[in-house]
Amino acid sequence: MILLSLLAVPLAGGVAAFVVRSDAWRRRLLACAAILHTALTLAAWRIVPAPVLGEWLVLDRLGLFFLTITSLLFLACAVYGLHYLRTESAGRQEDAEESFLFVNAPEARFTGCLLLFLAAMTLVLATRHLAILWIGIEATTLASAPLIYFHRHHRSLEATWKYLLICSVGIALALLGIFFLALSASVESGASIPLTVDHFVGHAASLNGRWMKAAFLCFLVGYGTKMGLAPMHTWLPDAHSEAPSMVSALLSGALLNCAMVGILRLLPIYDAAGYAAFCQSLLVKFGLFSMLVAAVFIIAQRDFKRMLAYSSVEHMGILALGIGIGGLAKWGAVLHAVNHSLAKAMMFLLAGNILRIYKTKTIAEVKGMLRRAPVTAALWTAGFLAIAGAPPFGIFLSEFIILRGMFQGGHFWAGGAYLLLLSVIFVGMAGAVTSMTQGESCCEGDRVKEPFLSFAPSLVFAVFLLITGLWIPPFLQNAVEQASRIVGVF
Amino acid sequence: MLSAVALLGTSRIAGCIRISAAQGGLLALLLLCVRGTGSPYFWALAGGIAVLKGIVFPWLLRRAIRETDVQCENIPSVNYLLSLGWAAVSFAVASWISSLLSVPFHQAASPAVAAAVFMIFSGFFLIVARRLALMQVLGFVTLENGVYAFGLALAYDFPFLVELGILLDIFVAVFVMGIMVFRIHRAFDHIDTRQMTNLKDEP
């Protein structure tokens with residue numbers, strides 16, 4: 001019952017949002033749907049939801065873990081959206097970068113797609129059936145493409161086109177991966193088995209190795225494209241920088257995780273069949289390469305939203321790396337997923353405020369933020385410290401756990417490279433952030449008004465990150481434990 | 001499979017769309033050949049594919065053409081001779097791959113594997129080597145057809161609902177892409193993706 005309503009609430013809300021005429025009611029609808037979804041998700045921790053439609057929809061602890069992150073992030077974005085959508089009034093607006101005029105897409109479409117996007121992400125997380133997972137991931141792409149194109153101008157259009165085409169092609173490859181996996185089962189035994197994780201784990205001994213490896217490559221390239229692993233990340237900086245900030249926060253904090261769950265679902269199968277080492281070495285390589293690419297592009301970055309986007313590439317790399325190393329590092333990676341999602345959502349929401357105040361995305365043109373918008377500036381600095389992995393925030397702890405896992409596992413070279421890349425990224429981002437907050441304000445020096453709703457979600461996340469940095473609450477520890485146990489036992 | 005060769009060689013967009021439609025129809029036929037005609041599910045599915053890929057997609061794309069009035073040639077960034085050369089090479093590779101696979105494929109479908117792999121290759125090629133956004137959509141459809149044909153050749157039976165879900169996803173994908181092509185035309189006055197280079201980073 002809970003499971004069905006988790007899907008039905010955003011779905012019905014999304015459809016209703018297309019129909020509702022009044023802007024005020026539609027915003028209330030968005031907030032209500034978000035609150036209801038979060039409440040249902042939290043209830044699912046207490047009452048284990050029964051599987052629906054046979055084995056098609058199953059919410060296990062891994063799915064619930066990521067669903068909680070997604071739902072909380074969506075709630076934060078909905079709260080932020082109450083304020084944001086008011087400022088994005090209808091009519092012509094001036095572009096921040098090139099100062100031409102453009103109009104927004106209809107708000108009904110934006111809200112509707114936002115809720116459908118949530119429904120698609122819920123579907124991804126609430127299934128252990130590989131084909132339904134695929135359908136869900138493709139649906140997230142389609143529901144989020146109109147969100148990126150909310151500001152109707154040529155740059156967002158270009159970003160949307162790249163996003164749509166690159167991700168669709170990537171996901172088509174993942175479908176090929178599903179067929180390969182089905183083939184690996186039928187080559188030896190001749191029988192076809194249902195495409196659920198549990199059935200594959202049960203038949204692990206009779207799976208054909210060569211096809212399984214081919215399948216994993218397809219999955220890694222396919223879902224890796226969506227997850228933003230380098231070198232398939234090319235859509236990510238464009239989409240994240242051109243989308244409205246609350247959408248960027250969702251893309252980065254929730255969607256990338258969903259794509260990663262697509263890969264995580266496979267690992268128990270490969271583990272049971274004895275190919276865990278093959279997958280893990282690939283994940284480590286892609287992870288380190290993503291961090292390298294992110295470091296190179298962060299150092300010379302001039303646009304602060306693109307900087308955050310590359311930071312997402314970096315953190316997805318860290319997650320892949322942690323999962324690939326396994327053991328303690330895997331535990332750290334699951335914890336890292338929470339920390340990264342909250343910190344990145346916080347940063348993107350603040351970036352939206354900065355963009356609104358300064359009307360530019362160029363780092364060099366934002367100066368003296370501490371004088372002009374002190375709350376945003378203080379949170380921006382705190383968020384930077386959190387995202388770059390400085391103590392006392394949660395990311396420091398999870399990155400440290402991953403590092404310890406690497407040294408424990410004897411991966412000294414990878415550990416060294418990891419530390420080096422982390423420090424390069426820290427320095428690169430520090431330069432940008434200090435130049436933005438410090439200094440004389442360029443234009444009229446007076447303070448601007450900062451509405452409470454525009455920074456409240458970020459403030460809550462900052463406090464949470466501070467807490468997880470100092471002390472991991474027992475419920476979080478349990479949740480991470482249970483989720484990482486489902487990923488596999490290596 | 002011939003249809004994919006023709007796609008690489010055809011210069012007029014309208015022609016390409018017609019060929020893509022034929023490909024969709026063939027795919028539906030392939031489904032009936034492989035799965036047999038016994039169950040009403042298969043008929044429904046084949047009908048769905050034929051309607052969607054043979055009629056709805058071409059209609060969507062033609063409408064995009066009409067509204068953007070791109071009547072011109074489809075400008076390749078790799079010329080047609082090379083494209084056909086690529087076709088020959090990838091056909092050879094595809095047949096080689098499919099002969100390598102010692103797999104219990106369905107009897108009627110064994111040539112379909114080569115065709116499927118070939119369609120995947122040519123889909124990629126169309127996306128990379130054609131400049132018009134519209135042709136990239138066609139490339140995506142070809143790629144998707146290839147993947148689907150591969151699945152058919154496996155004779156793996158998805159549950160009916162899952163098949164419908166996959167079809168629906170692809171339909172919405174092409175639908176959204178069609179709208180985007182239209183928007184790109186409105187914003188840029190062309191649908192040439194080579195000129196969309198505003199967003200990039202200098203390392």
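Predicted model: local features only at pLDDT ≥ 70, side-chain atom pairs only at ≥ 80, totals over all residues.
Trainee: Is A:Leu397 buried or exposed?

Mentor: Within 10 Å of A:Leu397 there are 22 other C-beta atoms. A residue is buried if 20 or more other C-beta atoms lie within 10 Å of its own, exposed if 12 or fewer, and partly exposed in between, with C-beta atoms placed from the backbone. A:Leu397 therefore counts as buried.

Trainee: Which residues does A:Leu397 touch, not counting residues up to four places away in sequence?

Mentor: A:Leu397 belongs to helix 17 of chain A; helices (H or I, at least four residues) and strands (E, at least two) are DSSP runs, numbered from the N terminus. Two residues are in contact if their C-beta atoms, placed from the backbone, lie within 7 Å. Apart from residues up to four places away in sequence, A:Leu397 touches A:Thr468 and A:Gly469.

Trainee: How far apart are the C-alpha atoms of A:Leu397 and A:Gly332?

Mentor: These two residues stand 65 residues apart along the chain. The separation of their C-alpha atoms is 8.4 Å.

Trainee: How do helix 17 and helix 19 of chain A lie relative to each other?

Mentor: Helix 17 (residues 394–408) and helix 19 (residues 452–470) of chain A have axes 6 Å apart, at an angle of about 40 degrees; axes are lines fitted to C-alpha atoms, for helices over the stretch in contact, and angles run from 0 to 180 degrees between N-to-C directions. A:Gly394, A:Phe396 and A:Leu397 of helix 17 of chain A meet A:Leu465, A:Thr468 and A:Gly469 of helix 19 of chain A. Angles under 35 degrees count as roughly parallel, over 145 as roughly antiparallel, 65 to 115 as roughly perpendicular and the rest as oblique. Helix 17 and helix 19 of chain A are therefore oblique.

Trainee: How long is helix 17 of chain A from its first C-alpha to its last?

Mentor: Helix 17 of chain A has 15 residues. The expected span of a helix is 1.5 Å times one less than its number of residues. The span in the model is close to the expected value, and it reaches 21 Å.

Trainee: Against which helices do the buried residues of helix 17 of chain A pack?

Mentor: The buried residues of helix 17 of chain A include A:Gly394, A:Ile395 and A:Glu399. They pack against helix 13 (304–325), helix 14 (328–358), helix 16 (374–387), helix 18 (412–437) and helix 19 of chain A.

Trainee: Which residue does a cis peptide bond join to A:Pro391?

Mentor: The residue in question lies in the loop between helix 16 and helix 17 of chain A. Omega is about 5 degrees at this cis bond, and the partner of A:Pro391 is A:Pro392.

Trainee: What is the phi of A:Lys359?

Mentor: A:Lys359 is found in the loop between helix 14 and helix 15 (369–372) of chain A. With 15 C-beta neighbours inside 10 Å, A:Lys359 counts as partly exposed. Most residues other than glycine have a negative phi. A:Lys359 is not a glycine, yet its phi is positive, at about 55 degrees.

Trainee: Which helix of chain A gives the most to the side that touches chain B?

Mentor: In the contact between the chains, 33 residues of chain A meet 34 residues of chain B. Helix 5 (130–148), helix 6 (154–189), helix 9 (235–242) and helix 12 (276–299) of chain A each supply at least two residues of this side of chain A. With 18 residues, the one that gives the most is helix 6 of chain A.

Technical notes
Residues numbered from 1 in each chain as written. Chains lettered and ligands numbered in written order.
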